[in-house]
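Morning, everyone. Please have a look at the model on the screen.

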Amino acid sequence: MKNIIILSLTMLLAAGLTVHAQTTSYVFSPNHEFEIKGTSNVHDWEESVEKINGYGSFVINPNGSISILSVVFKVECKDIKSTHGSIMDSKTYDALKAEKNPLITYKLLSQINNVMPSTTGNTVIAKGQLTIAGVTKPIDLQVKVAVKADGSISFEGTKTIKMTDFDISPPTAFMGAMKVGDEVVLSFKTVMQKN
């Protein structure tokens, strides 16, 4: 019995060391598309995120699949730019309380295991938390994950959120004549590469 226990512990230790050895750190590539789309009682609007920063760690499993251990990304509020110019930008920064809370952050909270490699992508549910304007809420993202030939990993998805869920008052303009809708659609295509 004692020998069996020792053998089992040895195998578990060996497996743990193998997994640890294959953990790889990644960072976000500058190549990305991140758009925010919304509505108003006058016209639809669109903004884009010029820069994102962040990191993650992944394990390459013996069967070739990947496990996503962690992902964190950060966006500077003032890297969000509107197609309607600086006035819309200022409205956005005010709504996001950018002076007090300059960052929008996402953090993956639950590890995602055994995503099989695919150049076309496999869809997973990423359970995480999103912090906007200083308010943090849990968020589930349906994300297509693809492993590229060069080892980079791409993520693609969309998510509709409500500004009021983050204690954000939808902006208004022209003495309240123009009112922005509460819902916005976040669309992203990002790539992470080995650090």
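Ser-65 sits in the loop between strand S4 (53-60) and strand S5 (66-76). Helices (H or I, at least four residues) and strands (E, at least two) are DSSP runs, numbered from the N terminus. Residues are numbered from 1 along each chain as its sequence is written, and side-chain values use heavy atoms, with hydrogens and water left out. This is a predicted model: local features need pLDDT of at least 70, side-chain atom pairs count only at pLDDT 80 or more, and totals for chains, interfaces and linings use all residues.

Is Ser-65 buried or exposed? Ser-65 counts as buried because its relative accessibility is 0%. Buried means under 20% relative accessible area, with a 1.4 Å probe and protein chains only.

What does Ser-65 touch? Leaving out residues up to four places away in sequence, its contacts (heavy atoms within 4.5 Å) include Val-59, Asn-114 and Pro-117.

Now the strands. S4 and S5 form a hairpin with 5 residues between them. In the turn, Gly-64 has a positive phi of about 90°. The two strands run antiparallel, joined by 8 bridges. Strands pair if DSSP finds at least two bridges between them. Gly-54 has Phe-73 in S5 as its bridge partner.

S5 also runs antiparallel to strand S8 (residues 112-115), with 2 bridges. There, Ile-68 partners Ile-112 in S8. S5 pairs with strand S7 (residues 103-108) too, antiparallel, over 5 bridges. Val-75 stands opposite Ile-104 in S7.

Notes:
Buried means under 20% relative accessible area, exposed over 50%, partly exposed in between (1.4 Å probe, protein chains only).
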